[in-house]
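This report covers strand pairing, nonpolar cores, salt bridges and one surface patch. The sequence and structure come first.

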Amino acid sequence: AATPAFHAVADQTVAEGQPLSFIVIASDADADLQALAVGTLPLGASFTLLGDLTGDGQWTQADIDALIPLLFRTPTEQEWIIGDLDGDGRIAANDLTALSLVIANTRRYGRLQWTPDFTQAGRYPITFTATDCQTSVPRTVTVTVTPVNRAPIANAGPDQTQVAGTLVTVNGSGCTDPDGDLLTYRWTQVG
């Protein structure tokens, strides 16, 4: 008896504030693949099982019937998320082939989507599990979120109009750095 297997899924790297999307594919040569699931996700991340266009939690001919019209018109965002099984950014005939493999219980497809915020730099191991009638097989993908150094916000106080040669005092206490970095100040007179 064959056990479930994952198609190659590389570890991922994304910068804070940037979108991440990747496809996870599990297969089983015995055609008894029951589930593809994900463990704990980072805050803000989502995982969608692909191919269930009818939304009934099953994969049947009705899903193929729902996918076929999407080959000939622009899908909604939700239709695209669920119907683009191979992750190539479009819905095409190869998605019909992929969906037929899902219906035959030889494959399951899922899409992870996440845009980490500016407080989420770090490493996130995400475990996916493929289950057939006898065995569950885990696969962990590590997502590394790299920090982004955002620009500080300068605030020297209100605009001032002074006679030429007059000493001008500015107050930088309103300056901030969204990353909490220490600030140094250098002011230049303009005009």
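Which residue stands opposite Val14 in E8? Val145 does.

## Basis of the model

The model is predicted, with local features requiring pLDDT of at least 70 and side-chain atom pairs counted only at pLDDT 80 or more, while totals for chains, interfaces and linings use all residues. Residues are numbered from 1 along each chain as its sequence is written, and side-chain values use heavy atoms, with hydrogens and water left out.

## Pairing around E8

Helices (H or I, at least four residues) and strands (E, at least two) are DSSP runs, numbered from the N terminus. Two strands are said to pair if DSSP finds at least two bridges between them. Strand E8 covers residues 136–146. Strand E2 (residues 12–15) pairs with E8 in the parallel sense over 4 bridges.

Strand E7 (residues 122–132) pairs with E8 as well, over 10 bridges and in the antiparallel sense. In E8, Pro138 is the residue opposite Thr129. A hairpin is formed by E7 and E8, with 3 residues between them.

## The open sheet

An open sheet is formed by 4 strands in the order E1-E3-E6-E5, with antiparallel pairing. Strand E1 (5–6) and strand E5 (46–49) are its edges, each pairing on one side only. E5 and E6 run antiparallel and are joined by 4 bridges; Leu49 stands opposite Gly110 in E6.

## Nonpolar cores

A nonpolar core is a set of buried Ala, Val, Leu, Ile, Met, Phe, Trp, Tyr and Cys residues joined through side-chain atoms within 4.5 Å. Buried means under 20% relative accessible area, exposed over 50%, and partly exposed in between (1.4 Å probe, protein chains only). The largest core has 19 residues, of which Phe6, Phe22, Val24, Leu36, Leu112, Phe128 and Val143 touch the most other members. Two or more residues each come from strand E3 (20–27), strand E4 (33–38), strand E6 (107–114), E7 and E8. E3 gives the most, with 4 residues. Apart from this core lies another, of 13 residues, including Ile23, Ile64, Leu67 and Tyr109.

Leaving out residues up to four places away in sequence, the contacts of Phe6 include Val24, Ile25, Leu36, Phe128, Val137 and Arg139. Contact here means heavy atoms within 4.5 Å.

## Salt bridges

A salt bridge is a side-chain nitrogen of Lys or Arg within 4 Å of a carboxyl oxygen of Asp or Glu. The whole structure has 4 of them. One joins Asp84 and Arg111, with the closest N and O atoms 3.7 Å apart. Asp84 lies in the loop between helix H2 (77–83) and helix H3 (93–103) and Arg111 in strand E6, so this pair ties together parts 27 residues apart in sequence. Both Asp84 and Arg111 are buried.

Another links Asp179 and Arg150 (3.0 Å, N to O). Both residues lie in the segment after E8, so the pair ties together parts 29 residues apart in sequence. Asp179 is partly exposed at 28% relative accessible area, and Arg150 is partly exposed at 24%. Arg90 and Asp88 also form a salt bridge (3.5 Å, N to O).

## Surface patch

Val168, Val170, Tyr185 and Trp187 make a nonpolar surface patch of about 370 Å². Patches are made of residues with over 30% relative accessible area and no salt bridge: like charges are joined within 9 Å, nonpolar side chains (Val, Leu, Ile, Met, Phe, Trp, Tyr) within 5 Å. Accessible areas come from the Shrake-Rupley method with a 1.4 Å probe; for residues, only the protein chains shown count as cover. Tyr185 lies in the segment after E8 and counts as partly exposed because its relative accessibility is 46%.
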